[in-house]
Amino acid sequence: MRYGLFIIFWLFSSLAQAVEFDEHTRYITLGPLMQVFEDVRGDATIEEVSSPALDASFRQNGKPVLNAGYSRSVFWLRLDLLFRPTQPGKPKTWLLELAYPPLDHLDLYLPDGNGGYRLAERTGDALPFSSRQIQQSNYLFDLDLQPDQTQRIYLRVQSQGSMQMPLGLWSGRAFIEEQPLRIYVLGIIYGILLVMLVYNLFIFLSVRDTSYLYYIFYIASFGLYQISVNGAGVQYFWPDNPWWANVSTPLLIGSAALFGCQFARSFLHTAEHSLWVDRALRLLMAVGALVVVLALTVSYAVSLRVATYLALLFTVVIFTAGVLALLRGMRVARYFIIAWSAFLIGGVINTLMVLGYLPYTFLTMYASQFGSALEVGLLSLALADRINAMKEERARILQQAGAELEVLNRELADSNRLKDEFLATVTHELRTPMNGVIGSLELMQTVRMDVELEQYQKTAASSARDMMRMVNDILALTELQAGKLYPRRQPFSLRGLFDGLRAQYCQKATDKGLTFDLELDASLPDTLEGDAGKLAQSLGYLLDNAIKFTHQGGVAVRVSSPSAQTGNVPLRIEVRDTGIGFTAPADGSLYQHFKQLDGSMTRQYGGLGIGLAICRQLVELLDGTLQHQSLPGQGSVFVVSLLLSLPAQPREVALVARRPTGSPRRHPEQCTVLVVEDNAINQLVTRGMLLKLGYRVRTADNGAEALERLRTEPMDVVLLDCQMPVMDGFATCRALRQLPGCADLPVLAITAHSHSGDRERCLAAGMSDYMAKPVKYLELQTLLHDWVLSQPARTE
């Protein structure tokens with residue numbers, strides 16, 4: 001029976017797959033691939049471990065790093081390596097690395113050629129540094145791997161400290177290429193520690209503040225501890241002293257805790273503000289001194305365990321002391337807390353890794369060193385802040401001398417702010433009556449008028465629209481000055497954008513007898529990412545000016561891409577006209593607010609003089625540039641250059657409302673429309689249009705009232721204003737969709753700006769369709785025809 005089990009175990013072990021690689025392999029993490037045998041008693045020999053009897057005792061590690069924490073066992077690592085070169089005949093150097101310097105004993109066993117294994121190398125920090133085959137802080141073993149031959153190796157690991165075994169296989173070239181990163185990181189950390197030590201030493205010699213002295217000893221202790229842990233101490237400072245290599249780690253932890261606690265007591269004045277914290281720090285100082293003594297007198301395993309728990313308590317108590325000092329109003333405690341937060345996070349991560357609760361990685365291994373480097377720099381700032389506090393008294397005198405000037409500057413800034421706020425308020429308030437005027441003029445179109453009255457109506461409507469455009473321009477200017485406009489990044493159709501501009505401005509050009517040409521490079525992609533609304537708005541100002549200042553000839557828009565870039569599309573947009581041209585002032589006032597080249601009262605061309613200013617600010621907001629070329633009598637060319645992105649993955653350019661169509665199935669008098677609008681004038685105008693169309697109308701002043709109406713009375717459609725206080729249209733739509741029978745109720749949004757992104761938000765919020773303010777009679781009639789009249793009556 002026993003021999004049968006041996007045969008079964010041998011068969012299972014033979015099924016273990018070897019680690020295969022070729023000459024192109026740079027590095028392999030061997031942790032998940034190696035097999036581990038834990039020798040609890042620690043007396044197993046290589047003959048016993050490699051015998052079939054112990055084959056079944058090996059288990060697959062399955063993790064990137066074998067982390068056994070503080071264990072007294074001996075661990076045997078077994079690996080089967082198979083080098084399969086794709087081009088035979090080329091020699092290759094392979095290095096086996098165990099990247100955890102604080103290990104006491106490592107024995108490498110390789111096949112002896114006679115079916116057994118021989119001790120190839122014995123090293124560890126319990127032996128002199130010269131015992132290492134390759135002189136590096138991490139343990140490196142040179143392997144001679146024969147092509148197409150599986151080679152089994154054994155590694156015996158024993159240590160009194162934490163058992164971390166990050167095992168990997170390097171090609172020789174890759175190892176050399178990767179070393180600079182580690183060297184640079186450690187160099188930066190040690191450089192910061194050394195610079196801060198020297199810096200604080202000079203300050204101590206200057207100001208004689210004992211806090212600096214304690215801090216210097218703390219930096220020195222912690223810096224030497226880091227050197228000890230990462231193997232630099234064994235490599236450069238004490239290569240032939242294995243006893244000190246082990247003793248130095250717990251001793252330096254105790255020394256750092258001792259001086260760190262004393263520094264905290266002196267810096268935060270805990271004896272004056274927090275007696276129990278001061279007692280806790282004194283206790284930790286005593287434990288730190290005890291650890292220093294233990295490191296010199298008892299075993300390395302005992303002293304290191306005590307030092308590890310001391311480090312954890314030290315960081316927590318120090319951080320608590322800083323928080324309490326801040327709560328008591330100590331100014332310097334701010335820097336102290338930030339500094340120790342960095343150290344606390346790094347120290348806890350590293351301690352938990354050493355205790356075996358976190359995996360071994362580059363970050364967890366060097367977490368305390370990263371944190372300590374940052375902590376040292378920040379604490380130096382905290383100490384320097386004390387000196388700054390002494391200078392503040394003198395600074396107050398200068399502040400008082402300049403108080404009057406500061407008051408005047410503040411009053412001037414307040415005056416400018418109030419001016420901008422007033423301008424923004426006025427433009428917002430003007431929009432309400434202008435919407436009422438435009439809506440009323442729209443309603444007049446439904447009344448029979450004679451020719452003269454109809455002409456007056458058209459003139460008034462045109463003037464109202466011009467007034468609304470000026471109001472919108474001033475509003476855009478105030479939002480830009482207040483920094484309330486931000487570029488949006490969303491997919492849009494390039495050709496759709498310019499088709500919209502052509503539809504909007506071509507008729508204006510035709511009415512003046514001008515041509516309007518649009519030339520769009522066919523090689524440009526149609527779908528791009530960026531802020532289409534602000535781009536269209538800025539180009540609109542250029543087209544408005546081009547048509548205004550051109551009397552014969554035409555206006556042309558040319559869109560091209562100067563060069564191709566990966567993932568980006570640079571656009572060059574030219575707006576040309578054959579107008580009057582101009583000579584640009586040398587002081588750059590062409591783009592100033594409310595600045596016109598002809599500012600006299602008898603000027604031929606009107607306008608506020610803010611179009612180019614807004615255009616340039618919008619283009620700069622999109623990280624673009626605006627340039628111009630012009631000569632009097634020879635027309636002008638304005639060039640917008642900006643960089644747009646290609647969409648990350650194909651998707652629809654924008655949400656598109658799927659409007660139903662068909663012949664009318666109902667009459668308006670059979671349908672009830674709920675108008676949700678907080679503005680009384682806009683509500684009155686919209687209600688008047690609906691009554692003219694023959695619909696039954698219900699109104700609500702806000703979203704909550706609308707929801708209550710829908711609960712008590714069936715509606716055929718909801719006209720929902722998007723901009724309302726307390727509960728806006730988007731929230732109202734999402735809420736009404738949850739009401740019984742309202743899941744498919746047509747909800748038509750009324751947005752304030754067609755270019756502001758409200759349309760996409762409307763559809764995303766569950767609205768059926770949208771229309772822009774001011775509400776137009778014919779557009780409203782068409783929208784209700786498609787969504788209400790052409791649909792069957794809703795059943796409750």
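This is a predicted model: local features need pLDDT of at least 70, side-chain atom pairs count only at pLDDT 80 or more; totals for chains, interfaces and linings use all residues.
Residues are numbered from 1 along each chain as its sequence is written, and side-chain values use heavy atoms, with hydrogens and water left out.

Q: What span does helix 16 reach from its first C-alpha to its last?
A: Helices are DSSP runs of H or I with at least four residues, numbered from the N terminus. Helix 16 covers residues 532-548, 17 residues in total. The expected span is 1.5 Å times one less than the number of residues. The expected value is 24 Å, and the helix comes close to it, reaching 24 Å.

Q: How many residues of helix 16 are buried?
A: Buried means under 20% relative accessible area, with a 1.4 Å probe and protein chains only. Among the buried residues are Leu535, Leu539, Tyr541 and Ile547. Helix 16 is mostly covered, the buried count among its 17 residues being 12.

Q: In which strand is Asp721 found?
A: UniProt, in an unreviewed entry, lists Asp721 as "modified residue: 4-aspartylphosphate"; such annotations may be inferred rather than shown by experiment. Strands are DSSP runs of E with at least two residues. Asp721 belongs to residues 717-721, which form strand 23.

Q: Is Asp721 buried or exposed?
A: Leaving aside neighbours within four places in sequence, Asp721 has contacts (heavy atoms within 4.5 Å) that include Asp678 and Lys773. Because its relative accessibility is 1%, Asp721 counts as buried.

Q: How many disulfides are counted?
A: A disulfide is a pair of cysteine sulfur atoms within 2.5 Å. Cys733 is buried at 0% relative accessibility, and Cys742 is buried at 5%. By the distance rule, the number of disulfides is zero.

Definitions and conventions. Buried means under 20% relative accessible area, exposed over 50%, partly exposed in between (1.4 Å probe, protein chains only).
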